[in-house]
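I opened this notebook to record, entry by entry, what I looked up in one structure. The entries go from the whole chain to single residues.

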Amino acid sequence: MKIDPIVIIDDDEDDRDLFNMAFDALNVPNKIIIFSDSTDALEFLKKTDEQIFFIICDINMPKLNGLELRQKINENESLRLKAIPFLFLSTSGDDQVVNTAFGLNIQGFFKKPSNIEHLKIILGSIITYWSNF
């Protein structure tokens, strides 16, 4: 399994706690870097020399929403060339939002589950899939 850092961007504290619990339960050896603010995440991505395994981002966030963040990554040549897999995990699931997201060249869109067991299944599947690249 790749052990590069995983970046999570979600403004909801309860959701961030669930991510931590799910990664712990899955015994994920990767460093998990969690941001509550997408602007902070963007600055980190611009400055880091670390190869990022993948990014999981919420859509509905203040300041810079997930769609806007993805657009800014696409517009930044050095970030775009890093080719970091970018996935959304959001409560927003209407067709227009999903289509807009995929129009921004994301690699996945998942509906936020209502419990940790489903979150573990989603995260386990994402890790397994992206470990093959």
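Entry on charge. I counted 13 positive and 21 negative side chains in the chain, where Lys and Arg count as positive, Asp and Glu count as negative, and His and the chain ends are not counted. The centres of the two sets lie 5 Å apart, with each charge placed at NZ of Lys, CZ of Arg, CG of Asp or CD of Glu.

Entry on the source. I noted that this is a predicted model, in which local features need pLDDT of at least 70 and side-chain atom pairs count only at pLDDT 80 or more, while totals for chains, interfaces and linings use all residues. Residues are numbered from 1 along each chain as its sequence is written, and side-chain values use heavy atoms, with hydrogens and water left out.

Entry on the fold. I found six helices and five strands in the chain; these are DSSP runs numbered from the N terminus, helices (H or I) of at least four residues and strands (E) of at least two. Along the sequence their order is β-α-β-α-β-α-α-β-α-β-α.

Entry on overall dimensions. I looked up the radius of gyration, taken over C-alpha atoms, and the globule rule, 2.2 Å times the number of residues to the power 0.38. The chain has 14 Å, which agrees with the value near 14 Å for a compact globule of 133 residues. Its C-alpha atoms fill a box of roughly 35 × 35 × 25 Å along the principal axes.

Entry on contacts and burial. I took contact to mean heavy atoms within 4.5 Å. Of the contacts between residues at least 6 apart in sequence, 65% join residues at least 24 apart. I also noted that 45% of the 133 residues count as buried (buried is under 20% relative accessible area, exposed over 50%, partly exposed in between, with a 1.4 Å probe and protein chains only).

Entry on the cores. Which residues have the most contacts inside the largest nonpolar core? I found Ile9, Ile55, Cys57, Leu69, Ile73, Phe86 and Phe88 in a core of 25 residues; such a core is a set of buried Ala, Val, Leu, Ile, Met, Phe, Trp, Tyr and Cys residues joined through side-chain atoms within 4.5 Å. Elements that each supply at least two of its residues include strand E1 (6-9), strand E3 (54-57), helix H3 (66-75) and strand E4 (86-90). Apart from this core lies another, of 17 residues, among them Ile6, Phe23, Ile56 and Trp130. In soluble globular proteins, nonpolar side chains tend to be buried together.

Entry on Ile73. Leaving out residues up to four places away in sequence, I found that Ile73 touches Leu42, Leu45, Ile55, Leu79, Arg80 and Phe86.

Entry on Ile32. I located Ile32 in strand E2, partly exposed at 23% relative accessibility. Beyond residues up to four places away in sequence, Ile32 touches Ile6, Ile8, Asn20 and Phe23. Ile32 and Asn20 are twelve residues apart in sequence, and their C-alpha atoms are 8.0 Å apart.

Entry on Asp12. I found Asp12 in the loop between E1 and helix H1 (13-25), partly exposed at 32%. Its C-alpha atom is separated by 30 Å from that of Phe133, 121 residues away along the chain.

Entry on positive phi. Lys63 is not a glycine, yet I read a positive phi of about 65°. Lys63 lies in the loop between E3 and H3 and is exposed at 69% relative accessibility. Ala83, also not a glycine, has a positive phi of about 50°. I placed Ala83 in the loop between helix H4 (77-82) and E4, exposed with a relative accessible area of 57%.
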